[in-house]
Amino acid sequence: MGFGTWAWGNQLLWGYQQSMDSELQQVFNFAVDNGINLFDTADSYGTGRLNGQSEKLLGKFIREYKGKKRVQANIVIATKFAAYPWRLTPGQFLTACKSSIDRLQIEQIGIGQLHWSTANYAPLQEKALWDGLVAMYDKGLVQAVGVSNYGPKQLVKIHNYLADRGVPLCSAQVQFSLLSMEEEQMEIKSICDSLGVRLISYSPLGLGMLTGKYTPSKLPSGLRGLLFSQIIPGLEPLLQSLREIARRRQKTIPQVAINWCICKGTIPIPGVKTVKQAQENLGALGWRLASDEVLQLESAARESPRKMIQNIFQTR
């Protein structure tokens with residue numbers, strides 16, 4: 001398991017304020033002290049003038065970490081480079097990678113990921129971005145390369161393209177949870193397994209809908225509240241199954257939901273903003289759901305009349 005840092009710098013969706021930075025540093029230290037070494041971020045994380053804030057905070061927290069140097073050296077930063085329309089050449093994508101390294105203030109990025117595919121709307125740009133991944137790998141700017149929001153067909157294409165150029169595809173990151181287990185997501189998982197690519201599951205708690213904290217009469221504010229109001233009313237069968245298993249296992253609902261992702265062979269990266277959340281997420285490790293519990297959850301999930309909206313950038 002790793003931790004996602006989408007909220008670190010995002011005011012619009014997650015209500016970030018710079019006054020939160022001290023607690024975010026405590027979250028980072030607690031996570032690393034307890035064996036978490038994978039942190040996912042992106043060069044687009046952070047709204048407005050705070051663009052890139054997530055990378056800056058991670059870099060600062062790594063530098064100021066007071067624990068063992070060996071532990072510090074093993075921290076893996078997986079960052080994503082946005083396929084902005086002005087990034088039209090491999091060189092421009094390479095520059096984006098160098099900018100992330102500057103914000104992080106590290107020598108090498110652990111996993112450099114293409115944030116989304118442009119195949120649906122700018123196919124010619126896609127090839128340049130792939131060549132940019134090759135260049136950053138060949139120049140040693142990244143230890144490994146990955147993709148995000150790639151559907152089954154494009155995933156196979158980029159895997160083969162990179163392989164022909166001697167670059168292994170390390171990871172594929174998609175929305176994957178009990179609210180996002182459609183046929184296409186499962187096909188992506190099967191392809192990853194066949195190609196030796198690790199699937200990283202983002203939003204394993206469905207933006208918070210699988211925490212058990214929300215009801216039709218108790219919704220978060222802002223954009224999340226609008227989305228939740230469409231899905232939460234039909235979630236009771238799934239939430240009830242999560243509650244039953246959590247009670248039986250002496251776990252919490254989020255821990256059961258994250259463990260389901262682990263049992264499916266993925267690396268979940270739940271988001272964290274507080275030490276309490278980090279502590280709870282860590283409780284998803286060290287045990288596994290039984291096969292009948294996995295089936296119970298999946299059956300209950302299928303009863304939900306509405307699922308998570310898939311990322312609009314995910315291709316076929």
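**Entry 1: helices H6 and H7**

I looked up the handedness of the crossing of H6 and H7, and it is right-handed (the near helix is turned clockwise from the far one by less than a right angle). The model is predicted, with local features needing pLDDT of at least 70 and side-chain atom pairs pLDDT 80 or more, while totals for chains, interfaces and linings use all residues. Residues are numbered from 1 along each chain, and side-chain values use heavy atoms, without hydrogens and water.

I noted that H6 spans residues 123-138 and H7 residues 152-164; helices are DSSP runs of H or I with at least four residues, and strands are E runs of at least two. Their axes, lines fitted to C-alpha atoms over the stretch in contact, come within 11 Å and cross at roughly 45°.

I then listed the contact (heavy atoms within 4.5 Å). H6 contributes Glu126, Lys127, Trp130, Asp131, Leu133 and Val134, and H7 contributes Gln154, Lys157, Ile158, Tyr161 and Leu162. I sorted these residues into six nonpolar, one polar and four charged.

**Entry 2: the second largest pocket**

I recorded about 180 Å³ of space in the second largest pocket (an open set of 1 Å grid points where a 1.4 Å probe fits, with protein on both sides within 12 Å along at least five of seven lines; lining residues have an atom within 4 Å of a point). Of its 13 lining residues, Gln72, Ala73, Ile75, Val76 and Gln108 are the closest to the centre. I found that H4 (69-73) gives the most to the lining, with three residues.

Methods: Axes fitted to C-alpha atoms, helices over the stretch in contact; angles between N-to-C directions. Nonpolar A, V, L, I, M, F, W, Y, C, P; charged D, E, K, R; others polar. Points joined across faces, edges and corners; volume = space filled by probe spheres on them.
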